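Visitor: I have a model open and would like to go through a few of its features. Can you take me through them?

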Amino acid sequence: MTDAMKCPACNSEHAYQDRDLWVCPECGHEWSGSAEAAADTAQAAGVRDANGNVLADGDSVIVIKDLKIKGSSSVVKGGTKVRNIRLQDASDGHDIACKIDGIGAMNLKSEFVKKA
């Protein structure tokens, strides 16, 4: 079996072709069999900020818009600098764990920050 038939997300060998796409029944990932699509998938790996920059543990980021804190009347203002972030795998989209001065520990979505 060629690598084009293996799922690039979970490496499953049970992928099947559905017209122009390959489908993985184990994880539900769909991809094109062309090499160009494989390069796009590899580039998309990793956590990226709102501008497309790759983030890493320990980076500093800036919040780009006002964010309401769920269950509180506090707000994280746009322009707030957050230092020493930690990346995490989260199913709800909150892939950055951090501490914000005056607020405390919280999780942020990478789409609302930019690399400082």
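Predicted model: local features only at pLDDT ≥ 70, side-chain atom pairs only at ≥ 80, totals over all residues.

Visitor: What does UniProt list for residues 6-32?

Guide: The UniProt record, an unreviewed entry, gives those residues as "domain: Protein YjdM N-terminal".

Visitor: Salt bridges next. How many does a search of the whole structure find?

Guide: Two. One of them joins Glu-13 and Lys-6, with 3.8 Å between the closest N and O atoms.

Visitor: And how accessible is Glu-13?

Guide: Glu-13 is partly exposed, because its relative accessibility is 48%. Lys-6 has 22% relative accessibility, so Lys-6 also counts as partly exposed.

Visitor: Which side chains meet in a salt bridge at 3.6 Å, N to O?

Guide: Those of Asp-59 and Lys-115. Asp-59 sits in the loop between α1 (35-44) and β4, while Lys-115 belongs to strand β11, so this pair ties together parts that are 56 residues apart in sequence.

Visitor: Is Asp-59 buried or exposed?

Guide: Asp-59 counts as buried, because its relative accessibility is 16% and the cut-off for buried is under 20%.

Visitor: You mentioned β4 and β11. What is the order of the strands in their sheet?

Guide: The order is β7-β4-β11, three strands in an open sheet with antiparallel pairing. β7 and β11 (113-115) are at the edges and have a single partner strand each, so one side of each has no neighbour in the sheet.

Visitor: How many bridges pair β4 with β7?

Guide: Two bridges, in the antiparallel sense, with β4 covering residues 61-63. Within this pairing, Val-61 stands opposite Val-82 in β7.

Visitor: Changing topic: where is Thr-80 found?

Guide: Thr-80 is in the loop between β6 (75-76) and β7 (81-82). Its relative accessibility is 22%, which means that Thr-80 counts as partly exposed.

Visitor: What is Thr-80 in contact with, leaving aside neighbours within four places in sequence?

Guide: Val-61, Ile-62, Val-63 and Ile-100. As for polar atoms, one in the Thr-80 side chain lies 2.6 Å from the backbone oxygen of Lys-77.

Visitor: And how far apart are Thr-80 and Asp-66 in space?

Guide: They are 9.1 Å apart, C-alpha to C-alpha, with a separation of 14 residues in sequence.

Notes: Residues numbered from 1 in each chain as written. Heavy atoms only, no water. UniProt positions renumbered as here; feature names shortened; annotations may be inferred. Helix = DSSP H or I, 4+ residues; strand = E, 2+ residues; numbered from the N terminus. Buried < 20%, exposed > 50% of the residue type's maximum accessible area, 1.4 Å probe, protein only. Contact = heavy atoms within 4.5 Å. Polar contact = N/O pair within 3.5 Å; in protein donor to acceptor, adjacent residues only side chain to side chain. Pairing = 2+ DSSP bridges. Salt bridge = Lys/Arg side-chain N within 4 Å of Asp/Glu carboxyl O.
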